[in-house]
Amino acid sequence: MDKFILKSKFKPTGDQPAAIEKLVSGLEKKYRGQTLLGVTGSGKTFTMAKVIEAVNRPTLIMSHNKTLAAQLYGEFRQFFPDNAVHYFVSYYDYYQPEAYIPQTDTYIEKESTINEEIDRLRHASTQSLINRRDVLIVASVSCIYGIGEKEDYMSLGIEFRKGQKIKRNELLRQLVGIQFERNDIGFYRGEFRVKGSTVDIHLATGEAMVRLLLSGDRIDNIHYFKIKPSSSNPVWIADLKSKDAEETEKIFILPAKHFMTPEERMKRALVSIRSELDARLKELRKARKDVEAYRLERKTNYDLEMIEQVGYCNGIENYSRHLSDRAPGSPPSTLIDFFPKDYLLFIDESHATIPQIRGMYAGDQSRKETLIEFGFRLPSAKDNRPLNFKEFDKKINQIIYVSATPKEFEIKESEQVAEQIIRPTGLLDPEVEIRKSSSRSSNSAEKEIGGISCPLPGEKTYQSEIRIHPSKNDSQIDDLFDEIEKNTARGQRTLVTTLTKRMAEELSAYLQEKNIKVQYLHSDIETLERVDILRDLRKGEYDVLVGINLLREGLDLPEVSLVAILDADMAGFLRNEISLIQTMGRAARHVEGRVIMYANKITPAIRYAVNETRRRRKKQMAYNKKHGITPRTIKTEFHDSII
């Protein structure tokens, strides 16, 4: 299939039809940049899906974190069940990059735990891009890191044909050459096994198994088995039944690894690495850095010996410039290079994703420069890196920024903005109440008049009254506990955001002691487990979720009716205008949605967030009244696990 076919019981409503028409028209007019300004719960994902269906082009959707990317993947997989929808994020569940701290003379060796399931999904992404056009990839910003050359990945693939003359040992040697490993017992993804004249190949995507039936030095038959995708479970012979096989005349086997180098270029790369090593050693010794020279010579020669003997070494990506025969300073090949030139790019939650893309290059280069200076790496290691923003921008064909709070950059780069404030369900932005962090400081409500600091183009600045109400308890924690109990009694869920990890842990422990079903969502939890936690919250296995900055953008939690923001008046990244609006938006999918901010003063960020929320509520109420709409809670299906 080469055409996107959207399957959904929903129809575009509210201001979705206008936004879809505007964005599709802009793409047809060859606008390079556009912005979809859509509030939480307005159906931005559905609008994106309708645009993708209309233009019918391979699409990349980038998100700034794995949790949101996983949720988007689940939603788009439901919208396009018959198309190739894939999930592409960093395959490191735990990753400690190589680093050196001169002040303490501490060398930190690279340490990583690769998630095999995510690696399988990455292979499924690249192989779909090579074989078809109806491909939609949901990716984190890790997609701007080097992934290996597309041309090498394709050119090193092997085609086997029915009737082909080939010796069995030669066939096995070719499989080993593209990084497949032999395993005659377990037979996992990226492996092959041999039983007499039968050779089984478990593809790197984990979604299929190929059986080559040999007769002497000839391939007699080729069977193709579709199997349940897996990276952790072996395939047993008993699981493969002839009646389930598809016979095919030929099959093309792509490599089991993304980083592949042809043999001739590998030989040239080894010569080039040695040449760079000699030149660098002369520089270090001339500068009387004998320790650094000794360290570099010893480490690099060991790596070269490993590459020559077994084809790889730890940290082989640091030699990627030589292995891919790139010029110094040239950009690496990334997932984006696997897309055709006419691809469509969405940057989801662009206000957070764009700054992350901007910052990745500088951080990586700073770390590498220290390693190079002190003799842990050759200078060419700097070319094992993410794209810088200028390089990333050059790879963009057409882009749509998606956010409820786009920044000046997105607006400036867009030739038009499609605003989507009306929710299909008629839901309003949540009511916001500000309470004193401690009720002892005041016995009466305080108030402040404040206008919107940054109104949207065409919007008039207006002023509204903002009150700080006294808490009923001595502290924000006790007051919060009372609100959670009331919310839980109604069968509704609560999100709580704190400023520090320690406070989140202590609050979770306190609520558990009070017999509240609570879970703490934090950065140490593995990628796929986070999705399960969010699903369990929706199902009612937890009533409260506590987090720091993981509860802001894009999380689809319609059962949540209360969002509590502790220490809302503390200035900083987690309590700026955009963070507050995004956090408040988590309560916008429930008809009884409300937000409680605990603060002792009205900060400019609070003033802006409250007034912008009231501006939107005013528009939404006017639309509902005009069309006779009664707000109702959003109903969405539970997304299955990623795998």
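**Group meeting talk: a walk through a predicted model**

Let me open with a cysteine: C143 has 1% relative accessibility, so C143 counts as buried, because the cut-off for buried is under 20%. Before going on, a reminder for everyone that this is a predicted model. Staying with cysteines, C313 is at 5% relative accessibility and therefore counts as buried. And how many disulfides does a search of the whole structure find? The search comes back with 0.

Now the overall picture. The protein has 17 helices and 27 strands. Of its 643 residues, 55% count as buried. If you take the contacts with a separation of 6 or more, 75% of them are accounted for by residues 24 or more positions apart.

As a general background, nonpolar side chains in soluble globular proteins tend to be buried together. Here, the largest nonpolar core has 36 residues, and the ones with the most contacts inside it are V51, F76, F80, L136 and F346. Which elements give two or more residues to this core? They are the helices α1 (16-28), α2 (44-55), α3 (66-79) and α4 (116-131), together with the strands β3 (84-88), β8 (135-140), β17 (344-348) and β18 (398-403). The largest share, 7 residues, comes from α3.

Leaving aside residues up to four places away in sequence, V51 touches I20, L23, V24, L27, L344, F346 and I400. There is also a second, separate core, with 31 residues, and L129, I144, I147 and Y153 are among them.

Helix α7, residues 263-286, packs with helix α8, residues 290-310, at an angle of about 170°, and their axes are 9 Å apart. Why do we call α7 roughly antiparallel to α8? Because that angle falls in the class over 145 degrees, which counts as roughly antiparallel. From α7, the residues in the contact include M266, L270, I273, L277 and R280, and on the α8 side they include D290, E292, A293, L296 and E297. By class, this contact has 10 nonpolar, 2 polar and 7 charged residues.

In the loop between those two helices we find R288. Most residues other than glycine have a negative phi. R288, though, has a positive phi of about 60° without being a glycine. Is R288 buried or exposed? At 75% relative accessibility, R288 counts as exposed.

There is another one of these to show you. E349 has a positive phi, near 45°, and is also a residue other than glycine. E349 is located in the loop between β17 and α10 (350-373). With 3% relative accessibility, E349 counts as buried, whereas R288 counts as exposed.

Last stop, A587. Where does A587 lie? In the loop between α16 (577-584) and β27 (594-598). Its relative accessibility is 0%, so A587 counts as buried. The residues that A587 touches, again setting aside those up to four places away in sequence, are P430, V560, S561, V563, G593, R594 and V595. Along the chain, A587 and R493 are 94 residues apart, and their C-alpha atoms are separated by 9.7 Å.

Notes. Residues numbered from 1 in each chain as written. Predicted model: local features only at pLDDT ≥ 70, side-chain atom pairs only at ≥ 80, totals over all residues. Heavy atoms only, no water. Core = buried A, V, L, I, M, F, W, Y, C linked by side-chain atoms within 4.5 Å. Buried < 20%, exposed > 50% of the residue type's maximum accessible area, 1.4 Å probe, protein only. Helix = DSSP H or I, 4+ residues; strand = E, 2+ residues; numbered from the N terminus. Contact = heavy atoms within 4.5 Å. Disulfide = S-S within 2.5 Å. Axes fitted to C-alpha atoms, helices over the stretch in contact; angles between N-to-C directions. Parallel < 35°, antiparallel > 145°, perpendicular 65-115°, else oblique. Nonpolar A, V, L, I, M, F, W, Y, C, P; charged D, E, K, R; others polar.
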